[in-house]
Amino acid sequence: MSLLQDEFAQADGLRYLNHAAVAPWPKRATRAVQSFAEENLHLGARGYPDWLIIERRLRERLARLLNSSTTADIALVKNTSEALSFVAFGLDWATGDQVVISDQEFPSNRVVWEALKRFGVEVLQVSLDVPDPEGALLAACGPRTRLMSISAVQYASGLRLDLQRLGHGCRQSGVLFCVDAIQQLGALPFDVQAIDCAFAMADGHKWMLGPEGLGVFYCRSDLREQLKLHEYGWHMLEHPGDYERADWEPSRTARRFECGSPNMLGAMALEASLSLLEEVGMEQVALALGERVQWLQDGLARIPGVQLLSPLDPVRRAGILNFRLDGWENQALFERLRAEQVVCAQRGGGIRFSPHFYTQPRVIEETLSLLRQMADA
Ligand SMILES: Cc1ncc(COP(=O)(O)O)c(C=O)c1O
């Protein structure tokens with residue numbers, strides 16, 4: 001792991017516990033962007049064919065990260081919201097169709113379904129605050145349910161769902177299973193085949209350690225042509241370089257969702273960040289992250305007045321821990337932590353900590369010690 005510490009160069013004294021929001025980049029992503037900028041300065045796009053090789057490598061890395069059997073199922077998108085919109089506005093809806101979501105979803109995975117109201121689509125929000133959330137979600141699926149859309153890990157509470165069970169249940173009842181994977185991809189292994197999902201999406205700027213503005217959309221092959229397209233351009237065509245050609249058809253691969261020029265700058269950075277995750281290996285990343293979350297959780301639990309709002313069972317969480325401290329308003333606590341260089345977030349009625357696999361012990365120890373002082377004050 002010491003080699004890994006060399007990949008991160010966060011400022012002295014900074015305590016970065018905010019990977020569930022926007023992550024710092026590793027050095028290799030920073031270098032990739034710097035050298036891309038230099039190349040553009042001196043050579044423009046003379047090396048474009050080499051850029052395409054990196055873009056292809058990125059697609060391959062994403063396919064492996066999702067365990068997609070082919071890059072043909074992978075589209076590069078702007079963000080999670082865009083991919084969710086491709087699904088929501090790509091499917092053909094009938095009045096009375098239902099979509100099942102949870103009552104804890106980030107707005108991206110709620111608003112997009114509510115926006116289908118004009119087609120007569122009804123959204124059922126299922127409470128996850130029950131002993132068996134997967135059972136509740138599956139029980140909400142009736143004869144009119146077309147799709148279930150759920151975050152793999154809830155953004156505020158950090159609750160991780162049993163995606164395999166949900167995917168299996170959806171398959172059995174003929175419901176399309178859509179997974180907002182942004183809070184899991186890059187933190188824990190993720191496997192579109194094992195969970196039998198129809199669609200999955202995530203942006204690169206959280207656990208994947210990439211920049212904002214470049215994400216991944218997995219669309220199962222047999223569903224690709226069922227999604228109506230709403231964005232057209234040269235890049236999404238079956239023959240994208242054949243500019244003189246009059247006839248055209250959308251690409252047979254998921255590139256059909258990429259209308260025009262790619263986000264090449266983002267691709268340089270994300271490809272580099274993912275190379276690090278692949279070198280470490282997702283099993284190892286998950287193990288190291290799990291140790292850090294457990295360490296934080298144990299430390300928080302020993303501080304008088306701390307109420308942990310996240311699930312305590314390791315199988316029920318990924319990289320997010322949410323808590324409150326008696327005697328402190330969340331806003332005041334958040335501001336005090338920020339003043340002490342603890343970078344975290346205020347979410348879901350508490351303070352959200354989200355370390356990553358490389359987070360140094362110092363960061364955790366110092367943060368816990370600060371909170372102990374605040375609890376005593
Ligand atoms: C569960 C979840 N979905 C989606 C998003 C945002 O998605 P994007 O900005 O990639 O559209 C977030 C960001 O916090 C999130 O936590």
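**Ligand shell and sheet**

Let's start at the ligand. Around it, with a heavy atom within 4 Å, sit Asn79, Thr80, Ser81, Phe106, Ser108, Ser151, Tyr155, Asp180, Ile182, Gln183, Asp203 and Lys206. A word on the source: this is a predicted model, where local features need pLDDT of at least 70, side-chain atom pairs count only at pLDDT 80 or more, and totals for chains, interfaces and linings use all residues. Residues are numbered from 1 along each chain as its sequence is written, and side-chain values use heavy atoms, with hydrogens and water left out.

The shell splits into three nonpolar, six polar and three charged residues. Nonpolar here means Ala, Val, Leu, Ile, Met, Phe, Trp, Tyr, Cys and Pro; charged means Asp, Glu, Lys and Arg; the others, including Gly, are polar.

Now the polar contacts (N or O atom pairs within 3.5 Å). Thr80 puts a polar side-chain atom 2.7 Å from a ligand oxygen. For Gln183 the distance is 2.9 Å. The Asp203 side chain also has an N or O atom 2.9 Å from a ligand oxygen. Alone, the ligand exposes 400 Å², and the protein buries 89% of that (Shrake-Rupley, 1.4 Å probe).

Next, the sheet. It is open, mixed, with seven strands in the order 2-8-7-6-5-3-4. Strands are DSSP E runs of at least two residues, numbered from the N terminus; pairing takes at least two DSSP bridges. Strand 2 (74-77) and strand 4 (122-126) are the edges. Twist averages 20° from one strand to the next (axes fitted to C-alpha atoms, angles from 0 to 180 degrees between N-to-C directions).

Strand 6 (176-180) and strand 7 (199-203) pair in parallel over three bridges. Val179 has Ala200 as its bridge partner in strand 7.

Conventions:
Polar contact = N/O pair within 3.5 Å; in protein donor to acceptor, adjacent residues only side chain to side chain. Helix = DSSP H or I, 4+ residues; strand = E, 2+ residues; numbered from the N terminus.
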